[in-house]
Amino acid sequence: MLAEQQLQELERFCRATSKRAGSTLFRQGDPTDTFYLLAEGMVELRARPPGRRVYRTVELVGPSCTFGDEALLGEPSYLSSSRVLETARVLAMSRPAFDRLSANHPEIALGVLRCAGSCLIKTIRRSAILTQAPADVGLRMLLEELAGGDGNGDGGGPVPVRITHAQLAGVLHISRETVSRMLGQLASEGAVEVGRGVIRINSH
């Protein structure tokens with residue numbers, strides 16, 4: 001993780017911007033010209049598999065994580081589309097700006113790459129563990145992880161996670177109907193409260 005002073009220095013090389021829910025930052029197949037660090041909010045990465053017409057959620061990006069890493073890793077185009085789920089504050093950095101950062105502050109550039117690597121490992125973990133675990137176990141783990149990254153809990157009360165059944169299904173590689181059924185079971189156990197576009201996780 002970068003120290004506060006390093007983050008302030010990093011912002012000099014970035015374009016800070018706020019985006020409303022529903023905004024698109026880039027689309028699958030667009031040329032990779034910008035790398036992003038999410039400071040606040042949540043961003044959904046969606047991709048359309050070859051031979052398919054429907055986009056699926058492939059990752060949910062939370063605060064302090066990166067996305068658009070393709071811009072730094074030599075990919076000519078983005079592998080997914082990005083859509084803001086919750087009002088987001090992002091730091092956007094072009095590849096030339098990253099090259100200048102590397103030349104002037106190599107320790108900060110290394111910190112950025114380590115952050116990107118940590119976020120990629122989280123994605124791999126979700127693919128390798130959550131999608132291979134029993135569906136109900138994977139859902140519980142994912143909800144706990146999403147709730148743990150939210151600072152809106154107050155005194156142990158329910159933590160709201162703004163996410164749809166379809167988005168959960170995409171990350172876990174299961175059907176939306178399966179997600180709905182399992183959420184109904186969790187709600188009957190008092191573990192969650194299910195609303196329209198939001199799931200409140202009850203702390204234990």
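**Entry: disulfides.** I counted disulfides in this predicted model, taking as a disulfide a pair of cysteine sulfur atoms within 2.5 Å. The count came to one disulfide. I noted for myself that a disulfide is a covalent bond between the sulfur atoms of two cysteines. Here the bond joins cysteine 65 to cysteine 119, with 2.0 Å from S to S. I then looked up the angle about the S-S bond, which is -130 degrees, and the link of cysteine 65 and cysteine 119 is left-handed. Its two ends lie in distant parts of the chain, 54 residues apart. Cysteine 65 is in the loop between strand E4 (56-61) and strand E5 (66-67), while cysteine 119 is in helix H3 (residues 106-130). Helices (H or I, at least four residues) and strands (E, at least two) are DSSP runs, numbered from the N terminus.

Entry: Residues are numbered from 1 along each chain as its sequence is written, and side-chain values use heavy atoms, with hydrogens and water left out. Local features need pLDDT of at least 70, side-chain atom pairs count only at pLDDT 80 or more, and totals for chains, interfaces and linings use all residues.

**Entry: buried or exposed.** I used relative accessible area, where buried means under 20%, exposed over 50%, and partly exposed in between (1.4 Å probe, protein chains only). Cysteine 65 is buried at 10%, and cysteine 119 is buried at 8%.

Entry: Cysteine 14 counts as buried, at 17%. Cysteine 115 is in no disulfide either, and its nearest cysteine sulfur, that of cysteine 119, is 4.4 Å away. Cysteine 115 also counts as buried, at 17%.

**Entry: helix H5.** I checked helix H5 (residues 165-172) and found six of its eight residues buried, so the helix is largely enclosed by the rest of the structure. Among the buried residues are Gln167, Leu168 and Leu172.

**Entry: positive phi.** Just after H5, histidine 173 takes a positive phi of about 60 degrees. Histidine 173 is in the loop between H5 and helix H6 (176-188) and counts as exposed, at 58%. Serine 64 also has a positive phi, about 75 degrees, although it is not a glycine. I placed serine 64 in the loop between E4 and E5, where it is partly exposed at 40%.
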